[in-house]
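Work through the exercises below with the model open. Try each task before reading its solution.

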Amino acid sequence: LLAVVLCALPSPLLARAAPQFFASPDGTFRFNPGVLVRCTKHSHRACDAYISLCNDSSSTPGSTLVCFGYPSELKHYGTHMAAAFSVSRLGRSVTRKECLDGSPDGARSGGTVAINDVKFRVFHLRDAAMSHYLKGRVYRTFHHDRCYELAIRVTWTNPMVLDPPGKNLTREDWKKLNERLDQPLDSFRLLK
């Protein structure tokens, strides 16, 4: 019966049902970006922010491997809001201790979590600059002598400094945003 139902579905519906994974070019990791769009040099508007969303929290330039931004539907709030999920690999000379105990940009530690059977150290970020705010979570693991950092960052402008003032996200909006940003995190897998 299931085969009959699946055969009767139009092929575009079947294509939408199958998750689309992003796999790193070297085959090290993969994840499902969900509705997020890839940020590149000629970036999508979803990746624009006063406080950078796609840079890793280390001082090693160029260690961000990939970054995906939330679609620009957040722009209608008038708060110049943006959000992103990124994957970085910190320098080869980083030790296990530096990776897991070093605090990214002064973030506070939030313990350890497992993502698909791999333990990650969690850090919570908060930052502000010129009425712009950033909050986020950074997840680090040491795998095959390399430090991987997954990050979820959200940035926005204080709505009261805008003319006319912007509006804040509702609790439901924040819930939807967090669910969509958690999708690549929850589906992240180290493959080798």
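## Ground rules and overall build

Of the contacts in the chain with a separation of 6 or more, 62% are between residues 24 or more positions apart; contact means heavy atoms within 4.5 Å. This is a predicted model, in which local features need pLDDT of at least 70 and side-chain atom pairs count only at pLDDT 80 or more, while totals for chains, interfaces and linings use all residues. Residues are numbered from 1 along each chain as its sequence is written, and side-chain values use heavy atoms, with hydrogens and water left out.

**Exercise 1. Describe the chain: its elements, their pattern, its burial and its surface.**

Step 1. Count the elements. There are 4 helices and 10 strands in the chain. Helices (H or I, at least four residues) and strands (E, at least two) are DSSP runs, numbered from the N terminus.

Step 2. Read along the sequence. The pattern is α-α-β-β-β-β-β-α-β-β-β-β-α-β.

Step 3. Check burial. Of the 192 residues in the chain, 42% are buried. Buried means under 20% relative accessible area, exposed over 50%, and partly exposed in between (1.4 Å probe, protein chains only).

Step 4. Take the surface. The chain has an accessible surface of about 11,000 Å², and carbon and sulfur atoms supply 54% of that. The areas come from the Shrake-Rupley method with a 1.4 Å probe; for residues, only the protein chains shown count as cover.

## The sheet

**Exercise 2. How many residues of E5 are buried, and which way do they point?**

Step 1. Count. In E5, 9 of its 9 residues are buried.

Step 2. Recall the rule. Side chains in a regular strand alternate between the two faces of the sheet.

Step 3. Sort. Ala82, Ala84, Ser86, Ser88 and Leu90 point one way. Ala83, Phe85, Val87 and Arg89 point the other way.

## Disulfides

**Exercise 3. Locate each disulfide and assign its handedness.**

Step 1. Apply the cut-off: a pair of cysteine sulfur atoms within 2.5 Å. The count is 2 disulfides.

Step 2. Take Cys54 and Cys67, with S to S at 2.1 Å. The torsion about their S-S bond is about -70°, so this disulfide is left-handed. Cys54 lies in the loop between E3 and strand E4 (64-69), and Cys67 in strand E4, so the pair ties together parts that are 13 residues apart in sequence. Both Cys54 and Cys67 are buried.

Step 3. Take Cys99 and Cys147, whose sulfur atoms are 2.1 Å apart. Here the torsion is about 75°, so the disulfide is right-handed. Cys99 sits in helix H3 (residues 96-101) and Cys147 in strand E9, 48 residues apart. Cys99 is buried at 0% relative accessibility.

## Single residues

**Exercise 4. Characterise Thr141.**

Step 1. Classify Thr141. Its relative accessible area is 4%, so it is buried.

Step 2. List neighbours. Not counting residues up to four places away in sequence, Thr141 touches several residues, including Cys99, Cys147 and Leu190.

**Exercise 5. Which values of phi do Asn116 and Asp117 have?**

Step 1. Most residues other than glycine have a negative phi.

Step 2. Read the values. Asn116 has a phi near 50°, and Asp117 about 70°.

Step 3. Asn116 is in the loop between E6 and E7, and is partly exposed at 26% relative accessibility. Asp117 is in the loop between E6 and E7, and is exposed at 79%.
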